[in-house]
Amino acid sequence: MQVSSLNEVKIYSLSAGRSLPEWLSDRKKRALQKKDVDVRRRIELIQDFEMPTISTKIKVSRDGQYIMAVGTYKPRIRCFDTYQLSQKFERCLDSEVVTFEILSDDYSKIVFLQCGRFVEFHSQHGHYYRTRIPKFGRDFSYHYPSCDLYFVGASSEVYRLNLEQGRFLNSLQTDASESNVCDINPVHFLFAMGTAEGKVECWDPRTRNRVGLLDCALSSVTADTEIDALPSISALKFDGALNMAVGTSTGQVLLYDLRSSNPLIVKDHYYGLPIKSIQFQHQLDLIISADSRIIKMWNKDTGKIFTSMEPEYDINDVCLYPNSGMLMTANEAPKMNIYYIPVLGPAPKWCSFLDNLTEELEENPESTVYDDYKFVTRKDLENLGLAHLIGSSLLRAYMHGFFMDIRLYHKAKMMANPFAYEEYRREKIRQKIEETRAQRVQLKKLPKVNKELALKLIEEEGEEQQVTRKRKQKNLPSLLKDDRFKVMFENPDFQVDEQSEEFRLLNPLVSKISEKRKRKLKILEELEAQEQEEEEEPEGKASDAESSESSDDEKGWVEEVRKQRKLLRQEEKVKRRERLKEDQQTLLKPQFFEIKEGEEFRSFKDSAKKQKLMKKTLGDRLKLEEKLGTLNVSDTTVGSKQATFKLKKSEQQKKQQEAEKLHRQERKTLRRSASHLKSKRGRGRLFR
């Protein structure tokens, strides 16, 4: 079962999942159900609810007990009994069925319109009668008050066949060149037919005169629609006494009131495909219209979309089970789809368990799994070189990553690492070779990693096996053969470092434990030998020996640990001395720095002085500046203090002053003295 949701309307696809071939035996089917999870979890509401190749039409009898479907190949009809949830019968036909009608409440009276202009009648036992109409038929309707069948097709005439008299009556002459569909109103029995010119003609069966004409082609053309050819009528359905829905070959559905020539609402499917079926759902005032690609449910008053479904295969016909939320479709595939929509209504009586099933699914929702999409994080996108796709329609943000099409992911992965498949193939081949090697006769070889540990374990196992054989006990599992510790002897990351400090401190303890174990084994062997000789010893002797031996072992272990610690300290001292020697031998080379153009080198003392000044308080800095003469603080007559300071000159100002000084010196050297010019009256003056 697949669950989809659109506009918060849940749709349960009951026919989703794998279907089993008909030629499989029951035993093989049961075996497949045990092995395959998808086959086991599928819901087969009606057994073998399918056709060999495709299904073209599907209908429900008026009593609701029988579901009938026609399809190919070979042309056939299948009747399914809903009370038994299985197939009632199957009948093969001579030619393909265009459409059919159930005349009785059950399956006892059926009429088929076939491709070869044949009209075939079936009764409860099977084939009853067959006749032929002059032109190829496309649709027909049954007029219950007069027992007349109205056939429309590739002709301007509407053929009438009276089933009570068993003969053809005078045909109705229309203005259309061809007719595609027809329907009879269930209330006042008005006959309507849709023509290839996009018109609907309404006829009164009592007077056999045309009473109305609707031009639906002009009404279906709006500003948004793009039409390449003249729309023809492809579907027609009455609702009550006054409403009628018309479907066009360009994908529009028009809802009419018979009292008006203008449509109440025009709904476009936007696929440009002919409308195949129109159904009315009265509980929620919905219209269910379908073309070959999509089934749309929309409100007949507002035109607002209620929900929609897009099956995997093209749709040929849609049937709404009366007074329920079940919908069935005939497809271009062997399996006929069954949908259950709880919002439309309850499940039918013969499958009332669906309500409980859907309620349980809503209470315990499962996480949705996308088979056609791959979840990637931002880091994965960067590794694949697809980070630029973030924000585009190719990535859909979800939680801490994105969903992307699995095909795009595989292509990008191949581009990022084209040899990934080769590496994967080599690894698989290597694993297969190792598996075959494991099946051969193996010699006792030590592993590549932790050889000493493996040798130690093998020796201990040999000793323990000897003891267990004597005692007739079961052997304990070996660490070398245990899969949990298999990696320890294969992966080099688990190699025991015997030079590490931890190993050197623990090694005396481990060696002593192994020695204890050997001694215990010897003691046990001696005890067993004594028991066999039936020699009795006084109590407490063995325990005293053991206690003395254990105390000696502990003393020896402590001494060995102390020795190891002393060795470690000595090694550390040696390493430190070597480092000091290396530091002394290394010569410190001077570092040179390049000064930028236009800048002068200043001593490092200036920066040191500035740093010292920044650390001092404001009062200390003011005192230093007073000493240097850059700051002068004096008291005023009012009582306040007056501070005068000299600003530090910039480098440009200093350069300008130096240039002025040089200019003055040059002027002094070039200037002529005027001492020889003296006045007669008195002493002459020098010009300055």
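Visitor: Where in the chain is Glu498 found?

Guide: Glu498 sits in the loop between helix 8 (451–471) and helix 9 (501–533). Helices (H or I, at least four residues) and strands (E, at least two) are DSSP runs, numbered from the N terminus.

Visitor: What sort of model is this?

Guide: This is a predicted model: local features need pLDDT of at least 70, side-chain atom pairs count only at pLDDT 80 or more, and totals for chains, interfaces and linings use all residues. Residues are numbered from 1 along each chain as its sequence is written, and side-chain values use heavy atoms, leaving out hydrogens and water.

Visitor: Which residues form the negative surface patch?

Guide: Glu452, Asp497, Glu498 and Glu502. Patch residues have over 30% relative accessible area and no salt bridge; like charges are joined within 9 Å, nonpolar side chains (Val, Leu, Ile, Met, Phe, Trp, Tyr) within 5 Å. Asp and Glu count as negative, Lys and Arg as positive; His and the chain ends are not counted. Each charge is placed at NZ of Lys, CZ of Arg, CG of Asp or CD of Glu.

Visitor: And which residues gather in the patch of positive charge?

Guide: Arg562, Lys563, Arg565, Lys566, Arg569, Lys573, Lys575, Arg576, Arg577, Arg579 and Lys581. Lys581 belongs to helix 10 (residues 541–585). With 54% relative accessibility, Lys581 is exposed.

Visitor: New topic. How many salt bridges?

Guide: The count is 14 salt bridges. The rule asks for a side-chain nitrogen of Lys or Arg within 4 Å of a carboxyl oxygen of Asp or Glu.

Visitor: What does Arg62 form a salt bridge with?

Guide: Asp105, with the closest N and O atoms 2.9 Å apart. Arg62 is in the loop between strand 3 and strand 4, and Asp105 in the loop between strand 7 (97–102) and strand 8 (110–114), so the pair ties together parts 43 residues apart in sequence. Arg62 is partly exposed at 47%, and Asp105 is partly exposed at 46%.

Visitor: What about Glu90?

Guide: Glu90 pairs with Arg76, closest N and O atoms 2.4 Å apart. Glu90 is in strand 6 (residues 86–92) and Arg76 in strand 5 (residues 76–81), a link across 14 residues. Arg76 is buried at 12% relative accessible area, while Glu90 is partly exposed at 33%.

Visitor: Which residues are linked in a network of salt bridges?

Guide: Arg76, Arg78 and Glu90.

Visitor: Now the inside. How many residues has the largest nonpolar core?

Guide: It has 23 residues, and Phe49, Ile58, Met326 and Met328 make the most contacts inside it. Such a core is a set of buried Ala, Val, Leu, Ile, Met, Phe, Trp, Tyr and Cys residues joined through side-chain atoms within 4.5 Å.

Visitor: Which strands supply it?

Guide: Strand 3 (54–60), strand 4 (66–72), strand 28 (326–331) and strand 29 (337–340) each give at least two residues. Strand 28 gives the largest share, 3 residues.

Visitor: And where is Ile458 found?

Guide: In helix 8. Ile458 is partly exposed at 36% relative accessibility. From Ile458 to Leu480 is 22 residues in sequence and 8.4 Å in space, C-alpha to C-alpha.

Conventions: Areas by Shrake-Rupley, 256 points an atom, 1.4 Å probe, with all protein chains shown as cover. Buried < 20%, exposed > 50% of the residue type's maximum accessible area, 1.4 Å probe, protein only.
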